[in-house]
Amino acid sequence: MAGDLRQRRAAVGGEEDAKSATSTPSAGGDEAERKGRKEALGWLEWGRGWMGIVGEFLFQRIAASNLSNPLELPPLNGVSFIVTGATSGIGLEIARQLALAGGHVVMAVRRTKLAHELIQKWQNDNSETGKPLNAEVMELDLLSLDSVVKFADTWNARMAPLHVLVNNAGIFSIGEPQRFSKDGYEEHMQVNHLAPTLLALLLLPSLLRGSPSRIVNVNSVMHTVGFVDAEDMNMTSGKRKFTSLMGYSNSKLAQIKFSSMLHRRIPAEAGINVICASPGIVHTNVARDLPKLLVAAYHLIPYFIFDAQEGSRSTLFAASDPQVPDYCEMLKSEDWPVCACISYDCNPMNASEESHNLETSLLVWEKTLEMIGLPPDAVDKFIEGESVQCRYGQQKAE
């Protein structure tokens, strides 16, 4: 199976290989490049991004028609998973199916009462097998970086292995004005990028104990129309007028950029792989903030849009398929500038041209570490088993 995934990447490799590791400027952005730092997405890149989004909307169901629904999973007994945002949408399906396959699932959520009710429902539905589900609930609020540190400290204190972290939780407040968390960060950027990043880094000691292990970030095709200015990740400079679309797409691009740098920084012998999975265009609670007219339209196009179970397949594949680690190791050996990206059809995915820009990715890496309160050498220290002081939380992150 491992060879299959590598071969499927080779089928799309021609287009990817044409991309420079530092990304060639596109029309519309080349003038800014000539003056120095890239300040916007070129219009050709932006246009290709929207073409990809429309194409995914129209053809995703056809492209993924060969996949079983639900996705068939290998036995996962003894495998531990942390799944964020596991009380609704894709996250709920991911947690449920991992638990049914025998995994030890930790639902990292804000609404702990609802999570306990869901586990009881899954157990009742599964009563015919006579096997109790190995699922538990831990509180986590991604709008609070203190909460992230508290969660990681609590889990790490168990000294138990963590095999897979699934950073699923995310927000897309369509049409809403710009809002900031109590930590002072734009909410899309914090929930979709900063908090999951802090969680992943703080859990590196447990992921090392669970090696070979995986960090799976649920991403989006919308990253293709995003651009991240490392000097304005909070989007408050006024250079561009804020929109919720900008906030969401920028946060998803930042996630891929940081994930790619993390993929390159973690030594192969550590056995921790980083994967970004795109679920496709899915009908979930992400649309709860749409205007009522758009919500009505959203419900009228069920043929094109995946339901949550269909949308969970790429993440489940990235989290459990035995061929994924070999694919990640191949990318690392090739010094590929982008981490493993899995599409909604469980095939390798072309990340955007800007994702390949190592110069801006390095800037995003450095700025992200600063924003989440970790030192520049945090990853190296975690890998070496040293303690690291985080600016957030009441305790030392170790």
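Helices and strands here are DSSP runs, numbered from the N terminus. With that in hand, welcome to this predicted model. One place to start is the loop between strand 7 and helix 14 (358-371), where Cys 346 is found.

- Most residues other than glycine have a negative phi, and most peptide bonds are trans.
- Cys 346 is not a glycine, yet its phi is positive, at about 65°.
- Asp 335 also has a positive phi without being a glycine, here about 55°. You will find Asp 335 in the loop between helix 13 (324-333) and strand 7.
- Asn 69 and Pro 70 are joined by a cis peptide bond, with omega about 5°. Pro 70 belongs to the loop between helix 3 and strand 1.
- Ser 211 and Pro 212 are likewise joined by a cis peptide bond, with omega about 0°. Pro 212 sits in the loop that runs between helix 8 (204-209) and strand 5.

- Strand 4 (residues 164-167) pairs with strand 5 (residues 213-218) in the parallel sense, over four bridges. Within these strands, Val 166 stands opposite Val 216 of strand 5.

**Charged pairs**

- Side chains of opposite charge can pair when their charged atoms come close.
- The count of salt bridges in this model comes to twelve.
- Arg 158 forms a salt bridge with Glu 136, and their closest N and O atoms are 2.8 Å apart.
- Because Arg 158 lies in the loop between helix 6 (145-156) and strand 4 while Glu 136 lies in strand 3, this pair ties together parts that are 22 residues apart in sequence.

**Aromatic pairs**

- A pair of aromatic rings is described by the distance of the centres and the angle of the planes.
- The count of aromatic pairs comes to five.
- Trp 46 and Trp 50 form an edge-to-face aromatic pair, with 6.3 Å from centre to centre and 70° between the planes.
- Helix 3 (residues 43-63) holds both Trp 46 and Trp 50, which are four residues apart, about one turn of the helix.

**A nonpolar surface patch**

- Val 54, Leu 58, Phe 59, Ile 62 and Tyr 303 form a nonpolar patch on the surface. Together these residues have about 500 Å² of accessible area.
- Tyr 303, one of the patch residues, is in the loop between helix 10 (292-299) and helix 11 (308-311).

Conventions. Residues are numbered from 1 along each chain as its sequence is written. This is a predicted model: local features need pLDDT of at least 70, side-chain atom pairs count only at pLDDT 80 or more; totals for chains, interfaces and linings use all residues. Side-chain values use heavy atoms; hydrogens and water are left out. Patches are made of residues with over 30% relative accessible area and no salt bridge: like charges are joined within 9 Å, nonpolar side chains (Val, Leu, Ile, Met, Phe, Trp, Tyr) within 5 Å. Accessible areas come from the Shrake-Rupley method with a 1.4 Å probe; for residues, only the protein chains shown count as cover. A salt bridge is a side-chain nitrogen of Lys or Arg within 4 Å of a carboxyl oxygen of Asp or Glu. Helices (H or I, at least four residues) and strands (E, at least two) are DSSP runs, numbered from the N terminus. Two strands pair if DSSP finds at least two bridges between them. Rings of Phe, Tyr and Trp (its six-membered ring) pair if their centres lie within 6.5 Å; planes under 30 degrees apart count as stacked, over 60 as edge-to-face and the rest as tilted.
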